[in-house]
Amino acid sequence: MSDTALPTAEDVERVLAGVFDPELRLSIVELGMVKGVRVGPGGDVEVQVALTTAACPLRSQIGDDVASKVRGLPGVTDVHVGYAEMTQEERSALMQRARKHAADNAAKWKPETAETADHSIPFLVALALARGNVDHAILGEAIRDEKVLALTARVSIAAEDEMDATFPK
């Protein structure tokens, strides 16, 4: 065994704040999905994660992200991720947190200028429209929003890298 100090459960939870639910785009800690952390004397770490359903299709992605983050802590020798299914009350609390976060950050999704549009919902819609790979039925009203249309007219896609979208000067 090395002289490296073992992480505490708090250290583990701190790094888990960097693991995001792929659909909700919020930390699994903030969403209340981390149900327990145990650090063993040899550096083995167990993390219990509650998923919204037992058959969650993102289970392996979340587990891989958890394990990757925890393995990065000094003193960790092994990581085990266990899963549980949330209760109805826990699912409701998770959705309330997600809705609150969306409401608190709504202004970020409605940029006033092209300079503030980067990574905003209208910008991403404009990017998808400019790339021509969007399902208009899914976007609904968003494709008729005048800010989105204005951004679409200004967005530029670099031919060599379709993910490099910028606004011309």
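Entry 1, salt bridges. I began with Arg-38 and Glu-46, whose side chains meet in a salt bridge at 3.0 Å, N to O. I'm working from a predicted model here, so none of this is experimental. Next I checked what else Arg-38 pairs with: Asp-44 also meets Arg-38 through a side-chain salt bridge, 3.0 Å from N to O. That links Arg-38, Asp-44 and Glu-46 in a network of salt bridges.

I then looked up how open these residues are. Arg-38 has a relative accessible area of 36%, so I noted Arg-38 as partly exposed. Glu-46 is partly exposed at 31%, and Asp-44 is partly exposed at 27%.

How many salt bridges does a search of the whole structure find? The search gives 5. One of them joins Glu-85 to Arg-91, with the closest N and O atoms 3.9 Å apart. Glu-85 is partly exposed, with a relative accessible area of 45%, and Arg-91 is partly exposed at 24%.

Entry 2, the sheet. I found 3 strands in an open sheet, ordered S1-S2-S3, with mixed pairing. S1 and S3 are the edge strands, each pairing on one side only. From one strand to the next the twist averages 15°. S1 and S2 run antiparallel and are joined by 5 bridges. I also looked for the residue opposite Val-39 and found Val-45 in S2. Across S2 and S3 lies H2, which runs at about 145° to S3.

Leaving aside neighbours within four places in sequence, Met-33 is in contact with residues including Asp-21, Ile-28, Val-49, Leu-51, Ile-62, Met-86 and Leu-94.

Ser-27 sits in the loop between H1 and S1 (34–39). Is Ser-27 buried or exposed? Ser-27 is buried, because its relative accessible area is 6%, and the cut-off for buried is under 20%. Not counting residues up to four places away in sequence, Ser-27 touches Leu-16, Ala-17, Val-19 and Phe-20.

Technical notes. Residues are numbered from 1 along each chain as its sequence is written. This is a predicted model: local features need pLDDT of at least 70, side-chain atom pairs count only at pLDDT 80 or more; totals for chains, interfaces and linings use all residues. Side-chain values use heavy atoms; hydrogens and water are left out. Contact means heavy atoms within 4.5 Å. Helices (H or I, at least four residues) and strands (E, at least two) are DSSP runs, numbered from the N terminus. Buried means under 20% relative accessible area, exposed over 50%, partly exposed in between (1.4 Å probe, protein chains only). Two strands pair if DSSP finds at least two bridges between them. Axes are lines fitted to C-alpha atoms, for helices over the stretch in contact, and angles run from 0 to 180 degrees between N-to-C directions. A salt bridge is a side-chain nitrogen of Lys or Arg within 4 Å of a carboxyl oxygen of Asp or Glu.
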